[in-house]
Structures are given as C-alpha cells and as structure tokens.
Amino acid sequence: MISLMSLPYAQHALEPHLSEKTIQFHYGKHHKGYVDTLNTLILGTPYETQNLEDIIRTSYKKDEKIFNNAAQIWNHDFYWSSLTPHPMLPKGTLLHALQRDFGSLEAFLEAFLALGLSQFGSGWCWLVKDVKGTLSVVKTSNADLPWIHGLTPLLTCDVWEHAYYLDYQNLRKDYMVALRTLFNWEFAEKNLANEIL
C-alpha cells in the first residue's frame with residue numbers, strides 16, 4: 001500500500017501565494033485521488049509489494065494507468081517538498097552551481113519561468129542535474145518525471161491548472177512568479193548532493 005505523504009506545513013501556511021482552499025483541493029482531492037486510485041489498481045498484483053519508485057520503474061511504458069498514478073504521487077510529493085512558508089535564497093554549492101550554469105540566480109528564475117509558460121497543457125517544470133553535474137531546466141508532460149530519463153530533480157513547479165486555478169484562474173505566469181517566494185532551496189541543495197533514484 002502506498003500512503004499519502006503528510007504535508008510539511010499547515011494547509012494555510014503558503015498564503016497569500018497559495019490559498020488554503022487551493023491546498024485542500026490540490027492535496028486533499030487530486031494528490032489523495034492518485035494514491036487511492038493506485039492502491040486500487042495494484043491490489044493483488046506484483047506491484048502491491050513494491051515501493052513507489054519501483055512501481056514507477058517497472059510500470060514505465062508497460063502499464064500506463066499504474067505509471068500515471070504512481071508518477072503523479074511522486075511528482076506531488078516532490079512538489080510539496082519544493083515549497084516552504086519560510087522565505088529563503090539559495091546559497092553555498094547550489095548558488096554557485098546556478099551561477100555557473102545559468103549566469104545568475106535571476107537568469108535561472110527567468111529560464112524556469114519561460115519554460116513553465118511554454119508547457120502546452122498539463123505538466124511540470126523542473127530544475128535538474130545531469131550525470132555530469134550540470135544544472136538545467138526541463139519540462140515534462142502529464143505524469144512524466146525527470147529521473148526516469150536519467151536526470152536528478154532538484155526543484156519542481158506543478159503547471160497543471162488544478163495547481164493554481166482557484167487562486168490565479170488562467171494566469172499561470174502570476175502563479176509561477178508568486179511561487180518563487182516559496183521555493184525550498186534547502187531541499188534543492190540536498191537533492192543536488194543526490195544521484196539519480
């Protein structure tokens with residue numbers, strides 16, 4: 001059985017950038033819905049005894065329903081961890097890497113925003129590290145995720161409309177700009193030290 005992660009902060013903690021109502025729907029309905037659906041799908045199958053990452057690996061390109069629900073759980077777990085109610089800036093090794101590969105923090109933020117806005121339809125925008133340690137921004141559609149393609153994710157932004165519609169309607173740019181205030185750079189720095197799952 002796969003469990004719904006506990007949010008690392010209260011549901012109102014990201015206000016005014018993300019409202020409690022948005023978190024209630026996004027976490028309590030969408031994210032929970034993926035968990036409930038996956039547990040129903042894997043019941044009585046070999047997937048039932050696997051952890052989430054192994055379910056994603058073994059279902060990739062083999063069972064679309066199971067992969068989509070499992071990957072969406074993982075993506076949402078990562079998204080909630082990418083955010084924090086405590087404003088911060090990147091520092092140390094992460095800041096150096098951002099400056100090295102993008103030119104500046106501001107240049108990264110603009111590249112991240114541009115890529116997120118260019119995602120047609122549902123998907124995700126990611127800060128990732130490749131096998132050489134170089135940082136870049138990538139986008140994935142629907143439930144797709146970077147590590148299945150050999151990239152280590154550091155930070156993400158959910159650009160599915162359900163992530164922002166209650167607060168920003170169709171203004172994805174306003175949502176993505178607001179999210180900059182919430183980025184959990186300490187989480188990203190920990191991920192920088194990790195290898196691909």
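A residue counts as partly exposed when its relative accessible area lies between the buried limit, under 20%, and the exposed limit, over 50%. In this predicted model, Asn142 has a relative accessible area of 43% and is therefore partly exposed. Asn142 lies in the loop between strand 2 (135–141) and strand 3, and its phi is positive, near 55°, although the residue is not glycine.

Gln169, likewise not a glycine, has a positive phi of about 50°. This residue is in the loop between helix 6 and helix 7 (172–179); with 40% relative accessibility, Gln169 is classed as partly exposed. In the segment before helix 1 lies Pro16, and the peptide bond from Glu15 to Pro16 is cis, with omega near 5°.

## Helix 1

After helix 1 comes Gly44, with a positive phi near 75°.

The buried residues of helix 1 include Thr22, Ile23, His26, Tyr27, His31, Tyr34, Val35 and Leu38. The packing partners of the buried residues of this helix are helix 2 (52–59), helix 3 (64–81), strand 3 (152–158) and helix 6 (165–168).

## Ile56 in helix 2

Ile56 belongs to helix 2. Its relative accessible area is 0%, so Ile56 is buried. Beyond its neighbours within four places in sequence, Ile56 is in contact with Phe67, Ala70, Ala71, Trp74, Leu145, Trp147 and Ile148. The C-alpha atoms of Ile56 and His12, 44 residues apart along the chain, are separated by 31 Å.

Technical notes. Residues are numbered from 1 along each chain as its sequence is written. This is a predicted model: local features need pLDDT of at least 70, side-chain atom pairs count only at pLDDT 80 or more; totals for chains, interfaces and linings use all residues. Side-chain values use heavy atoms; hydrogens and water are left out. Buried means under 20% relative accessible area, exposed over 50%, partly exposed in between (1.4 Å probe, protein chains only). Helices (H or I, at least four residues) and strands (E, at least two) are DSSP runs, numbered from the N terminus. Contact means heavy atoms within 4.5 Å.
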